[in-house]
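Try each task before you read its solution.

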Amino acid sequence: MSSAEPIAYCLTRDRELAAALDERLRGALAFFYNDAARLHQAVTLRAPDLVLVDTGAVRAEYGDAGLGPITTFLRDRAPRARLAVRPTPGVEHLVAAEAGPGVELVPSDLDGCVTAVATICGCP
């Protein structure tokens with residue numbers, strides 16, 4: 001990560017995941033967003049070191065265009081950020097294809113996801 005305190009943006013609607021990440025990422029500045037528009041605004045204002053996109057938060061009924069456009073935007077606006085995606089269980093290969101190259105898939109289970117994100121951030 002590029003700064004003393006890595007900046008992590010997390011797009012999720014999973015309150016348990018957000019609480020667990022907030023607890024575990026003590027060595028990072030973690031911000032949580034429940035829709036892609038707010039994540040886009042945050043990235044435009046300040047580029048993060050890591051962005052986690054929980055596929056459960058990407059929903060057409062909330063105006064989201066899909067995972068592909070979100071990761072494309074993130075690559076364009078925050079090219080140095082590491083991108084991680086928490087897939088829906090059972091469709092990891094589809095998620096990986098839609099997310100595109102250079103995106104890390106983290107485990108879909110709560111503990112595995114939190115551990116992987118903490119490792120990416122360099123948090124103990």
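Just after α5, glycine 122 takes a positive phi of about 80°. The model is predicted.

**Exercise 1.** Check whether the length of α5 agrees with its number of residues.

*Solution.* Step one: count. Helix α5 covers residues 110-121, which is 12 residues. Step two: work out the span. At 1.5 Å a residue, taken times one less than the number of residues, α5 should span 16 Å. Step three: compare. The end C-alpha atoms of α5 are 17 Å apart, which agrees.

**Exercise 2.** Find the buried residues of α5, then describe how α5 packs with α1.

*Solution.* Step one: list them. Gly112, Cys113, Val114, Ala116, Val117, Ala118, Ile120 and Cys121 are buried. Step two: find their partners. These buried residues pack against β1, α1, β3, β4 and β5. Step three: take the helix pair. The axes of α1 and α5 lie 10 Å apart, at an angle of about 40°. Their crossing is right-handed. On the α1 side, the contact uses Glu16, Leu17, Ala20, Leu21 and Arg24. On the α5 side, Leu110, Cys113, Val114, Thr115, Val117 and Ala118 take part. Step four: sort by class. The contact has eight nonpolar, one polar and two charged residues.

**Exercise 3.** Which residues touch the most other members of the largest nonpolar core?

*Solution.* Step one: name them. In this core of 23 residues, they are Tyr9, Leu11, Leu39, Val53 and Leu74. Step two: trace the suppliers. β1, α2, β3, α3, β4 and α4 each give at least two residues. Step three: look apart from this core. Another core has 19 residues, including Ala8, Ala118, Cys121 and Cys123.

Technical notes: Residues are numbered from 1 along each chain as its sequence is written. This is a predicted model: local features need pLDDT of at least 70, side-chain atom pairs count only at pLDDT 80 or more; totals for chains, interfaces and linings use all residues. Side-chain values use heavy atoms; hydrogens and water are left out. Helices (H or I, at least four residues) and strands (E, at least two) are DSSP runs, numbered from the N terminus. Buried means under 20% relative accessible area, exposed over 50%, partly exposed in between (1.4 Å probe, protein chains only). Contact means heavy atoms within 4.5 Å. Axes are lines fitted to C-alpha atoms, for helices over the stretch in contact, and angles run from 0 to 180 degrees between N-to-C directions. A crossing is left-handed if the near helix is turned anticlockwise from the far one by less than a right angle, and right-handed if clockwise. Ala, Val, Leu, Ile, Met, Phe, Trp, Tyr, Cys and Pro count as nonpolar, Asp, Glu, Lys and Arg as charged, and the others, Gly among them, as polar. A nonpolar core is a set of buried Ala, Val, Leu, Ile, Met, Phe, Trp, Tyr and Cys residues joined through side-chain atoms within 4.5 Å.
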